[in-house]
Amino acid sequence: IQYCGAFCHNARAIVADDRHLSEKIETLIKNGNAANKAEFARRALEHYIEEQAIFDVLRAEQEVRGGKILSGDIDELAAKL
């Protein structure tokens with residue numbers, strides 16, 4: 001008797017998601033969005049890195065607006081940490 005439970009259900013969902021994602025990538029390549037999977041992966045990573053940089057700047061601006069900013073002598077600030 002094999003016990004599967006939630007793990008097998010989740011594993012099946014992951015495999016289905018992977019298949020679906022792979023099909024989408026192949027379609028994007030066929031449509032000329034990238035020459036191959038390696039180029040697609042590079043572009044996806046570059047896009048993700050750019051999005052993270054934008055997110056980091058927006059979060060920093062929000063922290064400044066929220067008053068979460070340090071100012072003063074760097075040595076004194078470091079000593080407080």
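Reader: Is Glu-26 buried, partly exposed or exposed?

Author: The classes rest on relative accessible area, where buried means under 20%, exposed means over 50%, and partly exposed lies in between (1.4 Å probe, protein chains only). Glu-26 has a relative accessibility of 30%, so its class is partly exposed.

Reader: Before we go on, what kind of model is this, and how are its residues numbered?

Author: Residues are numbered from 1 along each chain as its sequence is written, and side-chain values use heavy atoms, with hydrogens and water left out. Local features need pLDDT of at least 70, side-chain atom pairs count only at pLDDT 80 or more, and totals for chains, interfaces and linings use all residues, because this is a predicted model.

Reader: Which residue forms a salt bridge with Glu-26, and how many residues apart in sequence are the parts that the pair ties together?

Author: A salt bridge is a side-chain nitrogen of Lys or Arg within 4 Å of a carboxyl oxygen of Asp or Glu, and Glu-26 forms one with Lys-37, the closest N and O atoms being 3.2 Å apart. Glu-26 lies in helix α1 (residues 5-30) and Lys-37 in helix α2 (residues 37-65), so the pair ties together parts whose separation in sequence is 11 residues.

Reader: How many salt bridges are there by this rule?

Author: Side chains of opposite charge can pair when their charged atoms come close. Besides the pair of Lys-37 and Glu-26, Arg-43 meets Glu-39 at 2.7 Å, N to O, and Asp-56 meets Arg-59 at 3.1 Å, N to O. By this rule the count comes to 3 salt bridges.

Reader: By about how much of the helix are Asp-56 and Arg-59 separated?

Author: Asp-56 is partly exposed at 35% relative accessible area, and Arg-59 is partly exposed at 38%. These two residues are 3 residues apart in helix α2, so their separation is about one helical turn.

Reader: What is the distance between the end C-alpha atoms of α2?

Author: Helices are DSSP runs of H or I with at least four residues, strands are runs of E with at least two, and both are numbered from the N terminus. The expected span of a helix is 1.5 Å times one less than its number of residues, so the 29 residues of α2 should span 42 Å. The end C-alpha atoms agree with this, being apart by 42 Å.

Reader: Which residue takes a positive phi just after α2?

Author: At the start of α2, a side-chain oxygen of Asn-36 reaches to within 3.2 Å of the backbone nitrogen of Ala-38. Just after α2, a positive phi of about 85° is taken by Gly-67.

Reader: Which residues make the nonpolar surface patch?

Author: A patch is made of residues with over 30% relative accessible area and no salt bridge, where nonpolar side chains (Val, Leu, Ile, Met, Phe, Trp, Tyr) are joined within 5 Å and like charges within 9 Å. One member, Tyr-48, is found in helix α2 and counts as exposed at 51% relative accessibility. The patch covers about 360 Å², and its residues are Leu-45, Tyr-48 and Ile-49.

Reader: Which element has the highest mean pLDDT?

Author: The chain has 3 helices and 0 strands, and pLDDT is the predictor's confidence in each residue, from 0 to 100. The mean for the chain is 83, and 80% of its residues reach 70 or more. Among the elements, α1 has the lowest mean, 72, while the highest, 93, belongs to α2.

Terms used
Accessible areas come from the Shrake-Rupley method with a 1.4 Å probe; for residues, only the protein chains shown count as cover. A polar contact is a pair of N or O atoms within 3.5 Å; within protein, one must be able to donate a hydrogen and the other to accept it, and residues adjacent in sequence count only if both atoms are side-chain atoms.
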